[in-house]
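Colleague: Before I use this model, I would like to go through the labels attached to it. Please set each value against its definition.

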Amino acid sequence: MAGYEYVSPEQLAGFDKYKYSAVDTNPLSLYVMHPFWNTIVKAFPTWLAPNLITFSGFLLVVFNFLLMAYFDPDFYASAPGHKHVPDWVWIVVGILNFIAYTLDGVDGKQARRTNSSTPLGELFDHGLDSWSCVYFVVTVYSIFGRGPSGVSVFVLYLLLWVVLFSFILSHWEKYNTGILFLPWGYDISQVTISLVYIVTAIVGVEAWYEPFLFNFLYRDLFTAMIIGCALCVTLPMSLLNFFRSYKNNTLKHNSVYEAMVPFFSPCLLFILSTAWILQSPSDILEIHPRIFYFMVGTAFANITCQLIVCQMSSTRCPTLNWLLVPLFLVLLVVKLGVSPSIESALLYTLTAVFTLAHVHYGVRVVKQLSSHFQIYPFSLRKPNSD
């Protein structure tokens, strides 16, 4: 497996023909964030590789996830009667979240500034973004957490899926239209999340216990914003972009089946993971919510990365992801009936397998494309310049 090549020769040939095409119509992005990023990028040295900026932002997101996991392992820290997360932690998380968001917005500008734009850079950026979804959502959950004033772990699980499907929707669009329509929800959510972290440090988590309007709690506002953004903004705009391409006869896949193939694996992942939750003899989501979210988010990231490779190389998306096989087998074992300790061991083992498999996939793909384009992923130097 060490030398396994995930990118086929056909896909490598497709990458040679690839040209970046994206549309950003978000007013917040166009009139506020892009001018800000244009200023920030000038502070970066021209020898700094864009992929290093991308990876640094990702590591900040992971750090926030781990930091909150330490202070709020079971999502009870924000509940009444429990030891709350220290105020300084919220400030650190808020600042780092905004820095990570800024780095994500600056990396492409640095690539154009240094004339180092490559398909690998886009794949690296969007691939890490797909894994960041679970880190963002789960870290935000600690603001409200579980308990009478919080959100149940199952509701958060469903909200996580709303975010995951919203993310993959934009890449499904590009798979069919050839154009990446950047979603409005990302910029709005990142700015809002960063501010809410800072506000939480100032007013304390107790402020979120009070009703926002009449009997409408802040947790309900949190839930409504995620669902509302997905149903009222992301989904309608995606369908509109898809049908515009259909009307203009520019769709890359003419049959309904081929157009919908990218959704097969994510939908099956949702079905299998939900079935595990519902059939679990030990109520696995209640016992290990953070690990379960991470397991689902990692499998989703691997599915999405394979889709991104296919849409960038103009090749067919695989119908099913092989990571779904061990998940299906674990579900069968769980349905037969196992003890809580064995079910927990299965979850931790599966999570480790998914993580190692996804990291291996990412490392090998980066190495393949780096070799193909004769570049170093984290340096602007060329291999033949040594």
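Colleague: How much space lies in the largest cavity?

Modeller: About 90 Å³. This is a predicted model, where local features need pLDDT of at least 70, side-chain atom pairs count only at pLDDT 80 or more, and totals for chains, interfaces and linings use all residues. Residues are numbered from 1 along each chain as its sequence is written, and side-chain values use heavy atoms, leaving out hydrogens and water.

Colleague: What makes a set of points a cavity?

Modeller: On a 1 Å grid over the protein atoms alone, a 1.4 Å probe fits at the points but cannot get out. The volume is the space filled by probe spheres set on the points. Three cavities of 30 Å³ or more turn up in the whole structure.

Colleague: Which residues line the largest cavity?

Modeller: Among them are Thr54, Ala100, Asp104, Asp125, Asp129 and Tyr186; a lining residue has an atom within 4 Å of a point. H5 gives the most, five residues.

Colleague: Why are H6 and H12 called roughly parallel?

Modeller: Angles under 35 degrees count as roughly parallel. The axes of H6 (residues 153-177) and H12 (residues 289-313) cross at roughly 5° and come within 10 Å, so the two helices are roughly parallel to each other.

Colleague: How do the residues of that contact divide by class?

Modeller: Contact means heavy atoms within 4.5 Å. Between H6 and H12 there are 18 nonpolar, three polar and one charged. Trp161 and Phe167 in H6 and Phe300 in H12 are among the residues that meet.

Key: Axes fitted to C-alpha atoms, helices over the stretch in contact; angles between N-to-C directions. Helix = DSSP H or I, 4+ residues; strand = E, 2+ residues; numbered from the N terminus. Parallel < 35°, antiparallel > 145°, perpendicular 65-115°, else oblique. Nonpolar A, V, L, I, M, F, W, Y, C, P; charged D, E, K, R; others polar. 1 Å grid on protein atoms, 1.4 Å probe; cavity = no way out; pocket = protein on both sides within 12 Å on 5 of 7 lines; lining within 4 Å.
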